Amino acid sequence: MTISVMIVDDHPIWRDGVARDLTEHGFDVRATAADAAAAVRIARAVRPDVVLMDLNLGESSGVAATRSVTTELPGTRVLVLSASGEHDDVLQAVMAGASGYLVKSASVTELVDAVRRTADGDPVFTAGLAGMVLGEYRRMAGASSGSQPPPPRLTERETEVLRLVAKGLTARQIATKLVISHRTVENHVQSTLRKLQLHNRVELARYAIEHGLDT
């Protein structure tokens, strides 16, 4: 199926260039937006598979828009495409629900692959950023350890898939490793997300780290 995309960036030349590149590679670019308010309003209408979100939108915040989109449209994933690779910017975006983070220095090939993987449900980060995010989650997990309510009960297979998600494997890699279909992996991931009341694989990885499943 064709992947539908929406592009949010306050620079029209950059926005139009990305739209053209993605269209040439077979994506359905359904809409573009220049600010957070328009991004949320238009996303509600077109419901794309993936939103490419800049963080610096002039007077408005891409982080706020990411939070609104991922909260209101659980079927839409947000991939941040930003000029900044700063620690705080990356963490704020992920905390807001972004599935991944790509810096604007990425090549067209990297962008196309990142959008496809994001639509497929994989967390996608520019090299070096994924380790930083997971390292921060480990630090936070250590700081917040203590008395907590028991976690929801997962099946043995769901736990196995969750452990591999935390190790950074994609859905297809997990399917190969466990000798099951890609769709079965996706079903287990979605079931685990519902049970744990989480939104994406990045949050799943954080949960796994907090519960010692990444070792």
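Trainee: Let me check the ground rule: a helix here is a DSSP run of H or I with at least four residues, numbered from the N terminus, so which helix does His188 lie in?

Mentor: His188 lies in helix 9, and please keep in mind throughout that we are looking at a predicted model.

Trainee: And what is His188 in contact with, leaving aside its neighbours within four places in sequence?

Mentor: Once the neighbours within four places in sequence are set aside, His188 is in contact with Arg157, Glu158, Val161 and Ile180.

Trainee: Which residues of the largest nonpolar core touch the most other members?

Mentor: That core has 18 residues, and the ones touching the most other members are Val161, Leu162, Ile174, Val185, Val189 and Leu204. Two or more residues each come from helix 7 (156-166), helix 8 (171-178), helix 9 (182-196) and helix 10 (201-210), with helix 7 giving the most, 5 residues. Another core, of 17 residues, lies apart from this one, and Ile7, Ala19, Leu22 and Phe27 are among its members.

Trainee: How far does helix 1 reach from its first C-alpha to its last?

Mentor: Helix 1, residues 12-24, has 13 residues and reaches 18 Å, which is close to the 18 Å expected at 1.5 Å a residue. Gly26 follows helix 1, and its phi is positive, near 95°.

Trainee: Now the sheet: in what order do the 6 strands come?

Mentor: The 6 strands form an open sheet in the order 2-1-3-6-7-8, with parallel pairing. Strand 2 and strand 8 (124-125) are the edge strands, each pairing on one side only. Further in, strand 1 and strand 3 pair in the parallel sense over 4 bridges, and Met6 has Val51 in strand 3 as its bridge partner.

Trainee: Changing topic, which residue does UniProt list for "modified residue: 4-aspartylphosphate"?

Mentor: The UniProt record, an unreviewed entry, lists Asp54 for that feature. In the model, Asp54 is found in the loop between strand 3 and strand 4 (56-57).

Trainee: Is Asp54 buried or exposed?

Mentor: Asp54 counts as buried because its relative accessible area is 5%, and the cut-off for buried is under 20%. Not counting residues up to four places away in sequence, Asp54 touches Val8, Asp9, Asp10, Gly62, Leu81, Ser82 and Lys104.

Trainee: How many salt bridges does the count come to?

Mentor: The count comes to 8 salt bridges. One of them joins the side chains of Asp9 and Lys104, at 2.7 Å from N to O. Asp9 lies in the loop between strand 1 and helix 1, and Lys104 in the loop between strand 7 (100-103) and helix 5, so this pair ties together parts that are 95 residues apart in sequence. Asp9 itself counts as buried, at 2% relative accessibility.

Trainee: Where do Glu160 and Arg157 lie?

Mentor: Both are in helix 7, 3 residues apart, which is about one turn of the helix, and their side chains meet in a salt bridge of 3.0 Å, N to O. In general, an α-helix has 3.6 residues a turn, so residues three or four places apart point the same way. Glu160 is partly exposed at 33% relative accessible area, and Arg157 is also partly exposed, at 30%.

Trainee: Which residue forms a salt bridge with Lys195?

Mentor: Glu158 does, with the closest N and O atoms 2.9 Å apart. Because Lys195 lies in helix 9 and Glu158 in helix 7, the pair ties together parts that are 37 residues apart in sequence. Lys195 is partly exposed, with a relative accessible area of 32%, whereas Glu158 is buried, at 5%.

Trainee: Which residues do salt bridges that share partners join into one network?

Mentor: Asp9, Asp54 and Lys104 are joined into one network in that way.

How values were computed: Residues are numbered from 1 along each chain as its sequence is written. This is a predicted model: local features need pLDDT of at least 70, side-chain atom pairs count only at pLDDT 80 or more; totals for chains, interfaces and linings use all residues. Side-chain values use heavy atoms; hydrogens and water are left out. The expected span of a helix is 1.5 Å times one less than its number of residues. Two strands pair if DSSP finds at least two bridges between them. A nonpolar core is a set of buried Ala, Val, Leu, Ile, Met, Phe, Trp, Tyr and Cys residues joined through side-chain atoms within 4.5 Å. Buried means under 20% relative accessible area, exposed over 50%, partly exposed in between (1.4 Å probe, protein chains only). UniProt positions are given in the numbering used here, feature names are shortened, and annotations may be inferred rather than shown by experiment. Contact means heavy atoms within 4.5 Å. A salt bridge is a side-chain nitrogen of Lys or Arg within 4 Å of a carboxyl oxygen of Asp or Glu.
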